[in-house]
Amino acid sequence: MVLVLALGDLHIPHRAADLPPKFKSMLVPEMIQHVFCTGNLCIKEVQDYLKTLCDLHIIRGEYDEDTRYPETKTLTIRQFKLGLCHAMAIRQRSCSLFLKLLKDARRIYSFMHL
């Protein structure tokens, strides 16, 4: 089993000082295998913390200080092909698909962001 944490729009330190303590206490190294961040981590310290937990996959949000993050990212985890993009990129492209998981022989899974 692969555990994945998907998060975005943390806006630390602009809108919050840190991750909520109860949430942070559940984040144990090697418990989660991947973190998908859909942008707006905002500062490098948050990225460094998340990297201590597992493999970190980041895309850029409009408030991220690090402009080296890609606007979109495609990766493969086991039999699933994943595409990540920030919600602002979706609005700019007039597309409603947020995250699409492909490659199951019998099904196509997709998650919609409304």
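Me: What makes β1, β2 and β3 a sheet, and in which order do they sit?

Reply: They form an open three-stranded sheet ordered β1-β2-β3, with parallel pairing. Strands here are DSSP runs of E with at least two residues, helices are runs of H or I with at least four, and both are numbered from the N terminus. Two strands pair if DSSP finds at least two bridges between them. The model is predicted, so local features need pLDDT of at least 70 and side-chain atom pairs need 80 or more, while totals for chains, interfaces and linings use all residues. Residues are numbered from 1 along each chain as its sequence is written, and side-chain values use heavy atoms, with hydrogens and water left out.

Me: How do you know which are the edge strands?

Reply: β1 (4-7) and β3 (55-58) each pair on one side only, and that puts them at the edges.

Me: What does helix α2 touch, and what angle does its direction make with that of β3?

Reply: Helix α2 (residues 44-51) packs on the sheet and touches β1, β2 and β3; a contact means heavy atoms within 4.5 Å. The angle with β3 is about 145°, taken between N-to-C directions on a 0 to 180 degrees scale, with axes fitted to C-alpha atoms (for helices, over the stretch in contact).

Me: Why is M1 called exposed?

Reply: Exposed means over 50% relative accessible area, buried means under 20%, and partly exposed lies in between (1.4 Å probe, protein chains only). M1 has 80%, so exposed it is. M1 sits in the segment before β1.

Me: How much of the whole chain counts as buried?

Reply: Of its 114 residues, 37% do. The chain has three helices and seven strands, running β-α-β-α-β-β-β-α-β-β from the N terminus on.
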